[in-house]
Amino acid sequence: MAEPEPEPGDLAPQWRDLSNNVYGILHGHGDAAPIAVRFERHGWSSSSSSWYGYEVGTTWCELGLEPADGPDVLLNGVMDLSRFTDLAALLSRFGLSYTLELYDEEGDLLNELMHGRR
């Protein structure tokens with residue numbers, strides 16, 4: 001029996017069982033709420049995960065956004081490896097400065113991207 005199609009904003013079944021493979025820092029944006037709103041405006045799901053944290057997602061990516069001790073927001077989650085540059089382009093479109101890292105299933109660094117000031 002085929003898996004049902006995910007709802008918009010729900011992570012596709014093939015990515016659900018992966019360990020986190022994307023990590024990042026959104027530099028100089030200590031509040032995760034406005035970042036979650038930006039994702040939501042682009043069709044991603046968004047929900048509060050803690051007092052100050054959020055989870056955002058789409059069919060190819062699910063991310064946790066948590067404020068760090070300082071001016072940054074930490075990002076981590078799971079995503080389709082082939083869409084890494086799509087995530088980076090979206091963060092750039094949001095006007096965010098970031099560092100992103102993508103890892104394979106063995107924990108080896110596959111790609112690292114930086115944008116904006118640090």
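Predicted model: local features only at pLDDT ≥ 70, side-chain atom pairs only at ≥ 80, totals over all residues.

I began just after helix α2, where G43 takes a positive phi of about 90°. Helices here are DSSP runs of H or I with at least four residues, strands are E runs of at least two, and both are numbered from the N terminus.

Residues are numbered from 1 along each chain as its sequence is written, and side-chain values use heavy atoms, with hydrogens and water left out.

**Helix α2**

I stayed with α2 and checked its start, where a side-chain oxygen of D31 comes within 3.1 Å of the backbone nitrogen of A33. That is a polar contact (N or O atoms within 3.5 Å; within protein, one able to donate a hydrogen and the other to accept it, and residues adjacent in sequence count only if both atoms are side-chain atoms).

Which residues of α2 are buried? I found A32, I35, A36 and F39. They span an arc of only 100° around the axis, which puts them on the same side of α2; the arc is taken from the directions from the helix axis to the C-beta atoms. Buried means under 20% relative accessible area, exposed over 50%, and partly exposed in between, with a 1.4 Å probe and protein chains only. Their cover includes β1, β2, β3, β4, β5 and α3, with contact meaning heavy atoms within 4.5 Å.

**The sheet**

Next I traced the sheet: it is open, has seven strands in the order β2-β3-β4-β5-β1-β6-β7, and pairs antiparallel. β2 (45–48) and β7 (109–115) are the edges with a single partner strand each, so one side of each has no neighbour in the sheet. Two strands count as paired if DSSP finds at least two bridges between them.

I then followed β1 (residues 22–27) to its partners. Five bridges tie β1 to β5 (residues 73–79), and I25 has L74 as its bridge partner there.

β6 is mostly covered, with six of its seven residues buried. Helix α3 (residues 84–93) lies across β1, β4, β5, β6 (97–103) and β7, running at about 170° to β6. Such angles run from 0 to 180 degrees between N-to-C directions, with axes fitted to C-alpha atoms, for helices over the stretch in contact.

β6 and β7 form a hairpin with five residues between them, and G107 in the turn has a positive phi of about 90°. Six bridges hold this antiparallel pair, and L100 stands opposite L113 in β7.

**Aromatic rings**

Rings of Phe, Tyr and Trp (its six-membered ring) pair if their centres lie within 6.5 Å; planes under 30 degrees apart are stacked, over 60 edge-to-face, the rest tilted.

Y23 and Y103 are edge-to-face, 5.8 Å centre to centre with 80° between the planes. They sit 80 residues apart, Y23 in β1 and Y103 in β6. Y23 is partly exposed at 34% relative accessible area.

I also looked at the tryptophans. W44 is buried at 7% relative accessibility, and W60 is buried at 11%. Ring pairs link F39, W44, W60 and F94 into a cluster, which brought me back to F39, one of the buried residues of α2.
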